[in-house]
Number of protein chains: 2
Amino acid sequence: MKIVIIGSGNVATVLGRKIKTAGHRVLQVYSRNLVNAKQLADELDCTPVNEWQMIYPEAEVYLIALRDEAIFEASDMWIPQKGLVLHTAGAVSKDILKNCSGNYGVLYPLQSLRKEKKNYRHIPLLIDGNTADTLALIEDFAYTISSSVQKANDEYRLKLHLAAVCVSNFTNHLYALSATYCEKENISFNLLKPLIEETAMRLQDYDPRIVQTGPAIRNDQETIEKHLHLLQNYPQLQHIYKIITMSIQQ
Amino acid sequence: MKIVIIGSGNVATVLGRKIKTAGHRVLQVYSRNLVNAKQLADELDCTPVNEWQMIYPEAEVYLIALRDEAIFEASDMWIPQKGLVLHTAGAVSKDILKNCSGNYGVLYPLQSLRKEKKNYRHIPLLIDGNTADTLALIEDFAYTISSSVQKANDEYRLKLHLAAVCVSNFTNHLYALSATYCEKENISFNLLKPLIEETAMRLQDYDPRIVQTGPAIRNDQETIEKHLHLLQNYPQLQHIYKIITMSIQQ
């Protein structure tokens with residue numbers, strides 16, 4: 001299919017590569033910033049543009065991979081007339097696109113995407129469309145770039161987005177606070193990486209609710225007190241330690 | 001070396017297997033519960049015992065892999081006279097063992113160990129000993145069962161134990177609360193697993209502090225409000241959501 005990619009960030013870049021690898025033809029990359037547009041366009045062997053009115057009207061798919069606020073702007077500024085218009089956001093209704101085209105929907109990658117990383121294997125795609133026909137078209141398109149495709153309406157997608165925030169953004173924040181703690185205490189954060197991996201990978205075999213361990217679930221108040229004492233100079237992590245420990249103990 | 005393993009739980013079992021595979025001779029497995037002792041002893045091809053006075057005095061290493069409180073009990077109840085006595089706990093001082101033997105120390109596996117899992121590849125071992133000679137002996141022993149061995153005194157080990165709680169027990173609790181949320185909302189927790197894995201695995205390439213994403217760091221208050229509304233029937237997760245969101249925004 002003939003595709004225009006709107007955006008040049010992590011999602012645009014990773015999905016753009018998948019789309020090209022799948023054999024589709026990327027016509028253009030749009031970005032407000034021409035340098036960014038050019039960088040991705042060069043990689044995808046197509047034309048960079050930085051003005052809405054320069055976007056070709058003849059593409060079959062317009063993939064909007066922008067920040068949430070920018071999707072609103074795009075849907076105001078630009079009407080492709082025909083073609084399928086998709087956004088890639090977890091927490092934005094598909095209907096934001098209803099004035100853009102008669103065929104619109106969502107292709108939300110439930111994955112943490114970084115443009116520096118070239119070889120993503122598992123990118124689950126959650127899809128939605130404004131009509132059954134449109135959804136069928138989006139499904140066919142989605143399967144060309146991922147083997148994991150699931151239909152998800154606005155509500156279902158928002159719920160998964162929330163869960164994704166909890167298991168990814170929040171765990172990453174725990175990693176980040178711990179990395180700062182280790183750095184300041186001169187202990188090696190690297191030593192923790194095998195444990196972090198194991199904790200994530202064991203979900204393939206275990207329900208997380210049956211493998212909870214640690215001082216909180218053992219009600220090991222002595223260790224908890226030692227830990228809180230060590231965290232006296234780390235109020236953010238200390239507060240989170242208390243709250244999650246109480247939550248585990250409930 | 002000739003080893004006695006004291007304990008029959010996850011740590012005793014996984015380290016027992018590593019010790020046997022490394023070519024050491026396990027003489028006995030002690031557990032208060034003879035059925036548990038026998039199960040591990042059968043696997044390690046040795047004798048089960050459930051009374052302290054039945055433990056052979058001629059072993060070279062006594063590995064105490066018990067819950068923290070039980071280490072205290074063991075160190076009170078039992079004096080092996082000679083031989084190296086090790087415990088495996090992150091938050092317990094080595095000196096709890098000072099009445100057990102002239103040679104004692106710690107072999108703390110910084111990993112989440114489950115007896116059902118047979119093939120652990122990365123088990124970093126943190127070691128400590130009461131004298132330089134003892135520590136050298138423990139180091140030699142540790143390297144026979146792991147390629148990742150690091151010396152860590154009580155204070156260093158406790159700090160790493162604290163960080164381990166944050167990156168493993170706490171992240172697992174986030175997985176657990178999210179699994180319950182998904183179950184009750186009829187959404188698929190399985191769809192989140194590739195994201196969870198990626199979030200952990202990308203630490204190989206990125207400092208977690210530079211890859212923080214999500215509505216909190218974007219100050220996307222609209223999405224945060226939507227999420228908090230969805231969590232109104234999940235007060236534990238809603239409270240943690242608020243606390244971690246505020247922490248990310250700081």
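**Exercise 1. Work out which rotation and shift superpose chain B on chain A.**

A quick note on the model: it is predicted, so local features need pLDDT of at least 70 and side-chain atom pairs pLDDT 80 or more, while totals for chains, interfaces and linings use all residues. Residues are numbered from 1 along each chain as its sequence is written, chains are lettered from A in the order written, and side-chain values use heavy atoms, without hydrogens and water.

**Exercise 2. Find how many residues each chain brings to the contact, and how much area is buried.**

Contact means heavy atoms within 4.5 Å. By that rule, chain B and chain A bring 87 residues each. Next comes buried area (accessible area, 1.4 Å probe, lost on being put together, summed over both parts). That is about 8700 Å², with 65% from carbon and sulfur atoms. On chain B, the residues losing the most area are B:Phe170, B:Leu191 and B:Arg209, together 8% of what that side buries.

**Exercise 3. Count the salt bridges across the interface.**

Look for a side-chain nitrogen of Lys or Arg within 4 Å of a carboxyl oxygen of Asp or Glu. The rule finds 6 between chain B and chain A. B:Glu185 and A:Lys159 form a salt bridge at 2.7 Å, N to O.

Note on methods. Copies are superposed by least squares on the C-alpha atoms of residues with pLDDT of at least 70 in both. Buried area is the accessible area (1.4 Å probe) that two parts lose on being put together, summed over both.
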